[in-house]
Amino acid sequence: MTKTAKKALKPAAKKNASNKAKVAQSPNKSFRFSTESSKDSMKESILNHLRFTLARHPEKATQDEWWTATCSAVRDRVLDRFMTTQGVHHKKKVRRAYYLSLEYLMGRLLVNNLHNAGLFEQTRDALSELGQDFDMIADEEADMGLGNGGLGRLAACFLDSLASLDLPAIGYGIHYEFGLFRQEFKDGYQIEHPDVWMEKGCPWEVMRPNFAQEVQLYGRVEHHVDDKGAFRPVWVDQKTIEGVPYDIAIVGYGGETVNFLRLWDSKASSEFDFNIFNEGGYVEAVREKAMGETISKVLYPNDSTENGKELRLVQQYFFVSCSLKDIIRRFLEHHSDWSEFPEFNAIQLNDTHPAIAIPELMRLLIDTYRMTWDEAWEITSKTCNYTNHTLLPEALEKWSVPLFEKVLPRHLEIIYEINAQFLQNVVEAKWPGDGAKKQELSIIEEGYPKMIRMAYLSVVGSTKVNGVAALHTDLLKKNLFATFHELYPNKLINMTNGITPRRWLLACNPGLSNLITEMVGNQWPKHLDQLQGIAKFAGDTKFQKRFMDIKRANKQAFADFVLADSGTVINPDALFDVQIKRLHEYKRQHLNVLHILTLYRRLLNDPEYEMNPRVFIFGAKAAPGYALAKNIIRAINKIAELVNNDTRINDKIKVVFPQNYRVTMAEKMIPAADLSEQISTAGKEASGTGNMKLALNGALTIGTLDGANVEIGEEVGDENIFIFGHTVDQVEALKSQGYNPYDYYNSNWELKAVIDWLRSDYFTPGEKDAFAPLCSSLLEGGDPYLCLADYAGYVRAQEAVDLAFSDKKRWAKMAIINTAMMGKFSSDRTISQYAEQIWKLKPVKIGE
C-alpha cells in the first residue's frame with residue numbers, strides 16, 4: 001500500500017469528545033446551495049460538500065477530504081462571482097488581453113483565493129468550530145504542476161494582477177498531468193520522480209468539453225487552384241488531436257472580478273479502434289489514444305533527443321492552436337467584421353514558446369477564413385505582442401526546418417513567406433542591396449540544417465516587444481536585437497517585472513502583514529506604494545523590535561520545518577543567507593559554494609575567527625539533462641553533510657538544501673530570509689523576481705548590477721544593498737581582452753585553496769573527481785560566467801554583510817527600508833503599464 005493510500009485511511013485528527021460535539025451533523029435534507037460569505041454559511045457549505053459531494057460523515061472524514069470539501073465551498077462562491085464577471089464582459093463586448101504561456105507556476109490556491117475573495121477569517125473560523133486545524137487542512141493541497149521557474153511564476157502573478165485591476169483577460173496554457181518533476185536527493189545526487197500533482201484531484205478546475213478544439217498535425221501541403229482561379233495551398237493527410245479545456249478561476253483581490261485560466265488537455269480524436277480491440281490487438285487499439293494524451297502529459301519533456309524536440313514543438317503548437325481557435329470563436333459570437341479583430345483582442349506571447357501563434361493565426365485567417373495575405377498580416381501583426389525573457393543567445397528558441405516540415409508543413413510555408421516579405425519590403429527598403437543585413441535579420445538561419453529563429457519571428461510579427469527590466473531592455477536594444485531596434489525604433493519597450501503582494505506578503509507573511517496594516521491601513525495589498533509609510537519608523541527602536549521579532553518568529557518556523565524535514569538543527573538567531581532559484585551556471589550557485597568553503601576553511605584554520613553564525617539556505621532544481629548543474633547540487637549536498645556535522649566549527653556555519661523546491665517552500669523560506677543572494681553574472685539575468693519577493697519581506701540583497709537588482713538599488717538606496725562584481729561593460733571588456741580564470745586562481749591563494757579542496761576527495765572520501773565537472777568548468781572550461789573574476793569582490797561584500805548584521809539596529813533599519821521601498825515592484829504596476837502601453841486595455845468594473 002502506498003504512503004498516500006495509508007494516509008487516506010487515517011482520520012484527519014484524533015478528535016476528542018468535545019471536538020466531536022463541535023461537528024454539527026449535516027441535515028438529512030436536500031442540498032442548499034449558498035454563496036453567502038458568513039462563517040455559518042461557510043460551515044454549512046463545507047458540511048454539505050462532505051455529505052453530498054464526497055459522501056462522508058464529518059467524524060470519519062480524512063484531512064484531504066476536509067480540504068476538498070473546503071475548496072469546493074470556496075469554489076461555489078468564486079464561481080458565482082465568475083459567472084457575474086463573465087456576464088458583464090459578454091454584455092459589454094469588452095476588449096480582452098489573452099496571455100499565452102507554456103507554464104504557470106501557480107502554487108497552492110486555497111489560502112490565496114480566500115484572501116483575495118475576502119473569505120479567509122470566515123473559513124478559518126468555520127473550520128475551527130468544526131474541530132479542524134485550518135493550517136493542517138491547507139497543507140493537504142499540492143502545488144499545481146504547471147510551471148518551472150521565474151517565467152511561470154511571473155505568469156501567475158500577472159493573472160492575479162489582471163483580475164485585481166478589473167482588466168478583462170484570459171490566460172491560456174497546457175493542462176499537464178505531471179509537473180516538472182518531484183526532486184529527491186540520494187547520496188547528494190538529484191533524483192527525479194513524476195510530479196503527480198493531481199493525485200487527489202483538483203477541486204478548482206471546471207472541465208469544458210463543449211469548448212473542445214481540434215488540432216491538426218503532420219501531413220503534407222498540396223497546391224490547388226480554387227473555383228475563382230486563385231492559388232490555394234491545402235494541408236492534407238493530417239493527424240487530428242482534440243484539445244479539451246479546463247478552466248481555473250482567477251480571483252482578483254477584493255473578489256469582484258474573477259477571470260480565468262484555460263488549460264488544454266490533449267485527447268486522441270478517437271479513443272480506440274474497436275475492431276482491432278475485438279480481434280485481440282489490445283495495445284494497438286489504444287495506441288492513438290496514448291499518443292494523443294502524451295502531448296499534455298509532462299511539462300518540458302527532455303529535448304536532448306529528436307523525439308523530445310518533436311514533442312516540445314507539438315506541445316507548443318497544440319496549446320497555441322486551441323487557444324487561437326477559442327479566441328476566434330469568442331470574437332465571432334459578437335462580430336462579423338474581421339477588421340475589428342485587433343480592436344477587441346490583444347495577444348501576449350510570454351517568451352518564444354507561443355511564437356507559433358503568428359503563423360497559426362495567419363494560417364487560420366488565410367486558409368479557413370479566406371483572407372488575402374495582406375489582410376491576414378494586418379490583423380496578425382496588430383494583435384500579437386512579445387515578451388523577451390533572456391539575454392543569452394543560446395537560450396533563444398530555434399527549430400530545425402526539417403522538423404517543422406514534418407510536423408507543421410503548412411506553417412513552414414507561411415514562415416518562409418513572412419520572411420521573404422519582411423526582407424524584401426522592410427529590410428531592403430532600409431538597407432538597399434545589403435545582403436549582410438538580410439542574412440543577419442532573416443528568420444531563417446542558414447546552416448545545416450537550416451533553423452527557424454522564433455525570437456526573430458516574434459519581433460517581426462508583433463506590434464510591441466518588451467524586455468522585463470530597464471537594464472535588460474537596454475541590452476536588448478544594444479546587443480541582442482540591436483539591428484531590429486534600428487529598424488523599428490519604437491517597437492522595443494521596457495516593462496519591469498513585478499510580483500503580487502497578495503501572495504508574497506499578505507498570505508505568506510501574516511505577522512508582517514498585520515504590522516504593516518496597523519501602521520498604514522489595509523489598502524496596501526492593492527496600493528503597494530503605501531508601504532513607504534513605514535519608512536519613517538525605520539529608525540524607531542520599538543518598531544525595529546516588532547519588525548525583527550516577526551522576522552525571528554518566521555526564522556523559528558523555518559527552523560522547525562528544517563528539523564522535521566531533514567533532522568538538521570539550525571539557529572534562528574543566525575544570519576539566514578538564502579539563494580532560491582533555478583540551478584543554472586549563470587545564476588552562480590557555485591560562487592556561493594566557493595564562499596561557503598572559504599568561511600569553512602577560515603574557521604578550521606582559526607577557531608577564534610570572528611563571524612556571525614550563518615545558515616546557508618538553497619532551493620533549486622536542475623534540468624534533468626543539465627549534468628553540470630546536477631554536479632553543483634551534489635557538491636552543495638556533500639559539503640552540507642560534512643559542515644553540519646563538524647563540531648570543530650561550533651555551528652558557526654550550517655548548510656541546508658531542502659529537496660523538491662516549489663512555491664509552497666518558497667513561502668516558508670522568503671519570510672525567514674535575512675540575506676537575498678542575487679549574484680548572477682552582470683548582463684545575464686533578464687530581471688529576476690525572487691529578488692523582489694525577498695526584499696519585500698525584509699531581506700537585504702547581495703548582488704551584482706544585473707536585472708532588476710539595479711532598480712532595487714535605486715529604490716532602497718546604495719546604503720541598504722550590497723553590490724559587488726564586474727558591471728556589464730566590465731564583463732564585456734574582460735572577455736574582449738581574453739579572460740583567463742587561471743590569472744585569478746594563481747593570484748588569490750584563498751581561492752586556489754578552496755578550488756583545490758573541492759577537487760580532492762575530502763567531501764567524498766574514496767570517490768576521487770566527484771566534482772571534476774564543476775572544477776573543470778571554473779578553470780579548463782574558461783569559467784564562462786566569471787565566478788573567479790568576481791570571487792574577491794563577493795567575499796569582501798559578504799564581510800560587509802557580516803559587519804552590518806553585527807549592528808542589530810543598523811540591520812533592522814536596512815531591513816525596514818527594503819520592505820518600505822518595494823512599492824514599484826508590484827505586478828499591479830507592471831500590468832497597468834502593459835494595459836496602457838501595449839494592450840490599450842481599460843478596467844471593467846463589475847457591479848457598476
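**A close look at a loop residue, and onward**

Modeller: Aspartate 187 sits in the loop between β3 (182–186) and β4 (189–193); strands (E, at least two residues) and helices (H or I, at least four residues) are DSSP runs, numbered from the N terminus. Please keep in mind that this is a predicted model, in which local features need pLDDT of at least 70, side-chain atom pairs count only at pLDDT 80 or more, and totals for chains, interfaces and linings use all residues. Residues are numbered from 1 along each chain as its sequence is written, and side-chain values use heavy atoms, with hydrogens and water left out.

What is the phi of aspartate 187 near? It is near 55 degrees, a positive value in a residue other than glycine. With 46% relative accessibility, aspartate 187 counts as partly exposed, where buried means under 20% relative accessible area, exposed means over 50%, and partly exposed lies in between (1.4 Å probe, protein chains only). Aspartate 651 also has a positive phi, near 60 degrees, and is a residue other than glycine. You can find aspartate 651 in the loop between α26 and β20 (653–656).

Proline 449 lies in the loop between β14 (444–445) and β15 (451–453).

Now for a histidine. Histidine 389 belongs to the loop between β12 (384–387) and β13 (398–400). Is histidine 389 buried or exposed? Its relative accessibility is 16%, so histidine 389 counts as buried. Leaving aside residues up to four places away in sequence, histidine 389 touches Leu151, Leu154, Asn350, Asp351, Val468, His472 and Ala686; contact means heavy atoms within 4.5 Å. With asparagine 350, the side chain of histidine 389 makes a side-chain polar contact (2.6 Å). A polar contact is a pair of N or O atoms within 3.5 Å; within protein, one must be able to donate a hydrogen and the other to accept it, and residues adjacent in sequence count only if both atoms are side-chain atoms.

Helix α12 (residues 306–332) and helix α14 (residues 357–368) meet at an angle of about 45 degrees, and their axes are 10 Å apart. Axes are lines fitted to C-alpha atoms, for helices over the stretch in contact, and angles run from 0 to 180 degrees between N-to-C directions. α12 and α14 are therefore oblique to each other: angles under 35 degrees count as roughly parallel, over 145 as roughly antiparallel, 65 to 115 as roughly perpendicular and the rest as oblique. The contact involves Tyr317, Val320, Ser321, Leu324, Lys325 and Ile328 of α12, along with Ala357, Glu360, Leu361, Arg363 and Leu364 of α14. These residues divide into 7 nonpolar, 1 polar and 3 charged, where Ala, Val, Leu, Ile, Met, Phe, Trp, Tyr, Cys and Pro count as nonpolar, Asp, Glu, Lys and Arg as charged, and the others, Gly among them, as polar.

Helix α23 (residues 510–520) packs with helix α24 (residues 541–566) at about 155 degrees, their axes 9 Å apart. That makes the pair α23 and α24 roughly antiparallel. Here Gly511, Leu512, Leu515, Glu518 and Met519 of α23 meet Phe543, Arg546, Phe547 and Ile550 of α24.

Finally, helix α32 (residues 749–759) has the buried residues Glu750, Leu751, Ala753, Val754, Ile755, Trp757 and Leu758. They pack against α25 (589–605), α26 (627–643), α31 (741–747), α33 (772–778) and α34 (787–806). At the start of α32, a side-chain oxygen of asparagine 748 comes to within 3.1 Å of the backbone nitrogen of glutamate 750.
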